[in-house]
Amino acid sequence: MKVTLLTHTPDPELTVASAARLCYSPSTIDEVREKLTPEKTASFVDMLSEIGHESPIEHASFTFGIEGVSRALLAQITRHRMASFSVQSQRYVAEAQFEFVTPPEIESDPEAKALFLEAMAKDQEYYDRLTEVLKRRHKADMIKDGMDETAADRTAEKKAIEDARFVLPNACDTKMILTMNARSLHNFFKHRCCNRAQWEIRELAAEMLKLCREAAPNLFKNAGPACLNGPCPEGKMTCGHIKEMREKYAVKRD
């Protein structure tokens, strides 16, 4: 897995503090921003967190490059609907020798790993064979309809992989660019940093939170699993490791 913070709102904490301060000030926007020193900005962002005033933090957005994650993770992360996704397409990108994500539990078990690798090889074989069969038929039909051979070859392959991809596994890796505003990120971290989240998306969330804290430390210092700032909301399904989770995600003080 590779996670990169590609870009974010310039001066995200100043932007958030300016938006919040404007709600209570008769000043112009320029005057509001001029009065916000770094210390006042940090204090204002802290206050927003304490009183639960979340709408101003929507003005800060963060864009991530995410690589080496599975299609299974993609199915989960797109449930966070207040976000923008651009994902490498299996319709237009051929999966020749596709890469895949191996779950740790499978990686640690020699027998399970052998079966898993066999399944991945079979999936690749069937994908390649389906692509070949479909491409051959589509190309013949296109040439018959008057398309020149070069164009027919290119178009037939695109049409073939659109259907051949149905045999590809959840393990197949993908790449995406993801943008969320800070409020959505807080919600994402609340659910996906939790121990009960699936291991892969939990790993992704932890890395994204680390990058967010580097870019906007005050804005994200209280971000993390729900148990970081209160009781565990999982009831009987709790992991039982609240202390360890708080130690893991609490901001370290100098």
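Because the model is predicted, local features are reported only at pLDDT of at least 70 and side-chain atom pairs only at pLDDT 80 or more, whereas totals for chains, interfaces and linings use all residues. Residues are numbered from 1 along each chain as its sequence is written, and side-chain values use heavy atoms, with hydrogens and water left out.

The protein chain contains 11 helices and 4 strands, where helices (H or I, at least four residues) and strands (E, at least two) are DSSP runs numbered from the N terminus. The radius of gyration, taken over C-alpha atoms, is 24 Å, well over the 18 Å that the globule rule (2.2 Å times the number of residues to the power 0.38) gives for 254 residues, so the chain is more spread out than a compact globule. Along the principal axes, the C-alpha atoms fill a box of roughly 75 × 50 × 30 Å. Of the 254 residues, 37% are buried, a term that means under 20% relative accessible area, with exposed meaning over 50% and partly exposed lying in between (1.4 Å probe, protein chains only). Among contacts (heavy atoms within 4.5 Å) with a separation of 6 or more, 75% are made by residues 24 or more positions apart.

The buried residues of helix 6 include Phe116, Met120, Asp123, Gln124 and Tyr127. An α-helix has 3.6 residues a turn, so residues three or four places apart point the same way. Helix 5 (104–107) and helix 7 (149–164) are included in what covers the buried residues of helix 6.

Most residues other than glycine have a negative phi. Asp11, however, has a positive phi near 45 degrees; Asp11 lies in the loop between strand 1 (2–8) and helix 1 (12–22) and, at 49% relative accessibility, counts as partly exposed. Gln97, in the loop between strand 3 (84–87) and helix 5, also has a positive phi, of about 55 degrees, and its relative accessibility of 63% makes Gln97 exposed. Pro233 belongs to the loop between helix 10 (217–220) and helix 11 (242–249), and counts as exposed at 58% relative accessibility.
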